[in-house]
Every structure is written in C-alpha cells, then in structure tokens.
Amino acid sequence: SFLIGLAQSFAIIPGVSRSGITITMALLLGWERVDAAKFSFLLGIPAISLAAFVEILSSIKGNLLISYGPLFIALISAFITSFISIKFLSVKNCSRSECKSGFVTIAFGQCFWSH
C-alpha cells in the first residue's frame, strides 16, 4: 500500500494520471487487476475530497465570494463516479498492455512538460 501511495505522488508530473499510476504500480506489485482498480479509485476519494476542502478553506480565508454549491456537487459527483468506475472496471477484461501504457503516459507528459 505504501508503494502505491508513493506512486500516486507522481501524478504531479504533467500527463500522469493519478489512477493510472496507482493501478500500474499495483499491477507491478502483483495485485489482481480488479483489486488494483478498486484500490486506486477508493484511494482517490480522500485525495479529491481533501482538494475540495482546501479550495473551500482558501476561498474563505481570501474572502472570495464564490458559490459553494457547484463545489459540493463536484465533490459528490467525483464520489459517485469513483464507484461507477470501480463497477465498470470490475466487469471490463483488462489486458497486459494497459500496464505498459502508464510508462508511455509518463514519457509523453515529460515531452510536453520540457517544452
């Protein structure tokens, strides 16, 4: 779990998907595909929630007048989408090439980041 969480930190690199990198790391560690997908999307819920709460707190501190309704709708939508994605990926038959696509995505992101 620690290595998967560490891999998640690579999502700050342009072109790297947070869920993609965590699924890739789990597969490299020998996890079953369905378990890797479930863990990745469940791992995303706290990250997305924390980002929303940080936005709320920073807007309150900065006395920004924003509508919090859309922010809460986005948070709830992300939560629901995560569970739908888990169900979809549980049914979908993944191929080994998807594990390799994580490394291709990192390389592709680096090309755009460096220019």
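A: Begin with the helix labels: helices are DSSP runs of at least four residues, numbered from the N terminus. The model here is predicted. In it, Ser40 lies in helix H3.

Q: How is the packing of H2 and H3 described?

A: Two packed helices are described by the angle between their axes and the distance between the axes. Here helix H2 (residues 18-28) packs with helix H3 (residues 33-61) at an angle of about 140 degrees, and their axes are 9 Å apart. The two helices are therefore oblique to each other. The crossing of H2 past H3 is right-handed.

Q: Which residues make the contact between H2 and H3?

A: H2 contributes Arg18, Ser19, Thr22, Ile23, Ala26 and Leu27, while H3 contributes Arg33, Ala36, Ala37, Ser40, Phe41, Leu43 and Gly44. Sorted by class, the contact has 7 nonpolar, 4 polar and 2 charged residues.

Q: Is Ser40 buried or exposed?

A: Buried means under 20% relative accessible area. Ser40 has 1% relative accessibility, so Ser40 counts as buried. Not counting residues up to four places away in sequence, Ser40 touches Arg18, Ser19, Thr22 and Ile23.

Q: Which residues make up the largest nonpolar core?

A: In soluble globular proteins, nonpolar side chains tend to be buried together. The largest nonpolar core in this model has 7 residues in all: Ile4, Ile23, Ala26, Leu27, Ala36, Ala37 and Phe41. H2 and H3 are the elements that give two or more residues to this core.

Q: What is Ile4 in contact with?

A: Leaving aside neighbours within four places in sequence, Ile4 is in contact with Thr22, Met25, Ala26, Leu29, Trp31, Phe39 and Leu43.

Conventions
Residues numbered from 1 in each chain as written. Predicted model: local features only at pLDDT ≥ 70, side-chain atom pairs only at ≥ 80, totals over all residues. Heavy atoms only, no water. Axes fitted to C-alpha atoms, helices over the stretch in contact; angles between N-to-C directions. Parallel < 35°, antiparallel > 145°, perpendicular 65-115°, else oblique. Left-handed = near helix turned anticlockwise from the far one by under 90°. Contact = heavy atoms within 4.5 Å. Nonpolar A, V, L, I, M, F, W, Y, C, P; charged D, E, K, R; others polar. Buried < 20%, exposed > 50% of the residue type's maximum accessible area, 1.4 Å probe, protein only. Core = buried A, V, L, I, M, F, W, Y, C linked by side-chain atoms within 4.5 Å.
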